[in-house]
Each structure stands twice: as C-alpha cells, then as structure tokens.
Amino acid sequence: MSEPQTVSSARFAWRILRADPWTWCISLALWVLFFTLPLPAGLVLRAIIDQLPSGDGAPLPLLIAILAGFEIGRWIVLFPAIVQWHGAFVFWHTVSRVNVLTSLVQDPGPASGRLPGSSGEAVSRFRDDARDIAQVLDVWLDLVAATLATTAGIVVLFIISPPAALAILSPILVVLVIGHLLGTRLRAWRWAEREATAGVTGFIGDAFGAISTVKVAAAERAILDRFDRLGRTRAEAARRDQVGTQLAQTLGGITANAGLGLALVLVAPSMRRGELTVGDIGLFTTYATVVSSLPRITARWSAWQRQADVSGARLGRLMPGYEADLASAPVATYLRGGPPPFATVTPTPPAARRDGDRLHRLTVRDLHVRLDDTEQLAAIDLDIARGQFVVITGPVGAGKTVLIRALLGLVPHQEGTISWNGIEIDELTTVMVPPRVAYVPQVPRLFSESLADTVLLGHHGDGLDSALERARLHHDLADMPHGLDTKVGPKGVRLSGGQVQRTAAARALVRRPELLVVDDLSSALDVSTESELWEGLFTDAEQAFTVLAISHRPRVLERADQVIELREGRRTG
C-alpha cells in the first residue's frame, strides 16, 4: 500500500464555503430550525403531562394543538431544508470540479505531470473526491445545528440533574478520542480504496479504447482475468474502507446510547424521592434524545473529514504545484436559475494576426530535460529560420519526441532558454499555440464528432477545404458516407490509421501556423502519400511553411534544410 498523501480538508471545504457563503448559511438556518424545534415541543409536553392529574393551567386541547403544531412544523421545515441542501450539495461539487478542469485547460505550464495515468482515474477524482469534499460541508451543517440544539438542551438538563447531563455529554469526548485513534487508519484505507478504484476505472477505459487490439490478439480471457483481479483488489480495499467508516460511526452510536442509559440511571434516585414531576421526566427524555444525537454526528464528522483529507490531496495533485487551495477558488455557476443563453462567438479569421506572432527565428539554447529523475535531453542548441524545413532524426529513445514536446511546453525543461524572434518565452504552453505553432502528434487524438468538427475544433471554417487538400484527405471524402459530416467515431475508430494521421495534419494546417511541428508522419502513411503531403506543403502558393519534423525517411532527410541527429538525449549532428 502506497503512503497516503493528505491535505487539510477543513481548509479546502472552508474555501469552497466562502465561494458562496449564503448557500451554506441558508441551509444551516433551516437545519438549525429542524434540530431545535423539539426543544420547545418538550416544554409543551411537560406542561401537558403535569396538567393531566389536576386539570389546572392552560386548556389541555390548546396545549395538544401547540405540541402538534411544533411537530408538524418541524417536518414542514424539512422539505425546504432538503431542497436547499440538494442545491448547495451540487454547488459544492461544482466548485472544485470547475476549478480543476479550468486549471488543466488554461493554466500555464505542462499538464503532463499533474494528470493521472489514465482518463478513468481522472474521472474517479472528479466524481468521488469532489463528493468527499462536499460531504465535509454537509456534515458541518449537521454538526453546527446539533451543537446549537445540544447547548440549549444541556442547560435545561443541568437544571433537572447535573450528573445526568454530564453523563450524556461524556460520549462526545469518547467519540473524539476514537476518531483520533482511527484517523491514520481511516486515511490509509480511503487512500487504498481510491487507488484501487482508479485502477479499475482506468483499466475499463483502456479496454474500451483498445477493443480492436483485444479482439485481434484473442486476449479476451486475459482482459477478463485482469479485470477480475483488479475488481477483487478494489473489493477488498472498499470493504476495509467501509468497515472503518461504519466502525467509527457505530462506536459513536454505542457511546451515545451508553451515555443516555447512564443518565437515566443517575436520574432515577431523584424520581424515587419525588423531586421530579412526571412532566420533568418527559422533558428530560425529550431533551436527552436531542443531546444524544451529537455524539453520532460527531463520529460521522470525524470519519468523513479524515477521509476527505485524502480526497483533497488527490484533487490538489491536478492543480499547478499541487496547490489544493486553488481547487476551491470562487467560480460562476448557474444552479438556481439556469445558465444564460450562450453568447455567439465569432472566431478571429486566421489571417488576422499580431506582429509578434510572425516567426523570424526560433532559438533554443542549452536545453535540459529531466523526467522522473532521468536526464532525457542535455545541452540542446537549435536555430530555425523562417521558411526552413528542419528534421530531427535518431534511433529509438534518442529523445526526439521529448525535444519537440519540450519546445511546446508539454513537458517541463529544467535548464535552457527558448526564444521566439529573440524574445525569451516564459510560459511555453500559452505562447507555442496557434496561430504561432500547430502540432501533429505521432498518435493523434480525435473527438467522436463529424470530420469537419474534428478538424476545426471550433476554429474559423475558412480554409477547411484547402487544409484537407494539403493533408491529402480530399480524395477520401468521396468514399465517406456523409462527406465532411461523417462521424469519425471514438478516437477516430472509423478511419484508417493513415486517415487519422492526415486528419490531425489537416487540423494543424487549417490554423495556418507560423511553425508546423510534426512528430513522424511516416508512422501511419505510406511513402507515396507522405511524399505528396510534404510536396503540397512546400509548393503552397498561399503560405510558405516553417516546419520542424521528426522523420527517418531518406527522401525527407534529403529535402531538409537542416538535419538534427540525436543520440541518448544529445545532439550529434
């Protein structure tokens, strides 16, 4: 079992509460009313019981009506309390989810070090860990409301019998001690359960994403066996986690019942001596029930908050520098009245560019990259002038892909500078993007949308036909059932490998970048098609492309203006 990482879930939850304090405060007011209404009802009950023998005092029907009113009113209050709580609970989920997703998409710096190993695990963090943080705010409502009701009730109980009141309060201290003793184990069990769940969800995503590979390799049995092992591991971890949670809460209930029983024993002598009326006994029983709820809620709070410490750390890992506080920053939500109409956004035409976007020279000096404490690149220098075709080559594992990903800011570099037109770039992930740079990865990721939407990704539609032609994809449209409206399927499963590669190339070309970065087109294209694609780029009358590419093809190396050879992370040519 890996060592659990934790942060203060209380601070995390407090930051979420501050994002919209009125949401929590309205819920609190309703729950306080629900928890405290039994207190005046207990006073009315005492008056009713004390009046039964003599018939003195207020009319009995009136007292019964008042008692019924308190009870009915309490359950009427429960309905708006639940409605308000539900909206608040959804909001508390939303704050952390929106902030984490916004950070992954918009914050500077590479996201590769923050993302988990699989999309399934990321979904687990968004779903389960965000819920655990929201549960902290949920249990705070019960805890504060029960504490206020208990404070008022304990005052009355002290008047009736101080020893009995202390007996009812003592379980709270016992519950806190139990929570402290179980705290480390609760965190460890929750961490193991979350890691096991992530393993299952990640494997499911991988299996569906590679279904064709599984069928071709006749690996169905191996996949089922692996899934079975992961499921058993998760079941065991989940049992420990749930048993720990229920143990803490059950012990809280047991101690509360023990305190209530002890209080009744202590008050019995006063009952025998006649110091307490029958109404006092009824009042004591009513208030003791209210007060005894606090140890149970305290046990739940103690368990949930310690488990949420793990969830806070897991969500925080998705933020820059693992700053968990950022995941609880205020966000704009529309949970009460629904979202406003979407604004119509007209994308900027590709030709409209700032002067600083135009590439004259890209310069790299003394670039060093270390990943997982292993040096991947060392002392790399590189100069690319406008209009050049620069090719990176070298054996497998030489660091070619690491180099271009470092230039794009997709992996961090520890030393060295990267300059655009002589100006050093501080945040590569916000600068090395269209319209300056477009990237064609070796393994493209396509959305399950129409071909046109997959290529454009929200970009202005002008130039789509030209981009498809340059990518040598225009001939394939005639064979597609719906042309540009053809759905490509998850990850482009309905396209051939070459079509997926050319679709990614068209996606980059439609943006008319100043610098086109290509990671090994030859991996999925035949020699003829690849040659046509390069030919189309360099004979384009509309735009002279500057290209940085990885390739091993002799014809591509011959065409290059500059060839950079890498071996073991160092430039040798």
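The charged end of Arg74 sits over the ring of Trp75, 5.4 Å from the ring centre. A charge counts as over a ring if NZ of Lys or CZ of Arg is within 6 Å of the ring centre and within 35 degrees of the ring normal. Arg74 also lies over the face of Phe34, at 4.0 Å from that ring's centre. The model is predicted: local features need pLDDT of at least 70, side-chain atom pairs count only at pLDDT 80 or more, and totals for chains, interfaces and linings use all residues. Residues are numbered from 1 along each chain as its sequence is written, and side-chain values use heavy atoms, with hydrogens and water left out.

Six aromatic pairs were found in a search of the whole structure. Rings of Phe, Tyr and Trp (its six-membered ring) pair if their centres lie within 6.5 Å; planes under 30 degrees apart count as stacked, over 60 as edge-to-face and the rest as tilted. Helices (H or I, at least four residues) and strands (E, at least two) are DSSP runs, numbered from the N terminus. Phe34 is buried, at 10% relative accessible area. Trp75 is partly exposed, at 49%. Here buried means under 20% relative accessible area, exposed over 50%, and partly exposed in between (1.4 Å probe, protein chains only). Ring pairs link Phe34 and Trp75 with Trp31 and Phe35 into a cluster.

A further pair joins Trp85 and Phe89. Their ring centres are 5.0 Å apart and their planes at 20°, so the pair is stacked. Both residues lie in helix 4, four residues apart, which means about one helical turn between them. Trp85 is partly exposed, with 22% relative accessibility. Phe89 is buried, with 15%.

Helix 1 (residues 9-19) has Ser9, Phe12, Ala13, Ile16, Leu17 and Ala19 buried. Seen down the axis, these buried residues fall within an arc of 150°, so they line one face of the helix. The arc is that of the directions from the helix axis to the C-beta atoms.

Elsewhere, six strands form an open sheet with mixed pairing, in the order 6-7-8-3-9-10. Two strands pair if DSSP finds at least two bridges between them. Strand 6 (437-440) and strand 10 (570-571) stand at the edges; each has a single partner strand, so one side of each lacks a neighbour in the sheet.

Strand 8 (residues 546-550) is mostly covered, with five of its five residues buried. Thr546, Leu548 and Ile550 are buried on one side, and Val547 and Ala549 on the other. In a regular strand the side chains alternate between the two faces of the sheet. Strand 3 (residues 389-393) pairs with strand 8 in the parallel sense over four bridges. Val391 stands opposite Ala549. Strand 7 (residues 515-519) also runs parallel to strand 8, joined by five bridges. Val518 has Ala549 as its bridge partner, and Leu515 has Thr546.

Helix 15 (residues 527-538) lies across strand 3, strand 7 and strand 8, at about 160° to strand 8. Contact means heavy atoms within 4.5 Å. Axes are lines fitted to C-alpha atoms, for helices over the stretch in contact, and angles run from 0 to 180 degrees between N-to-C directions.
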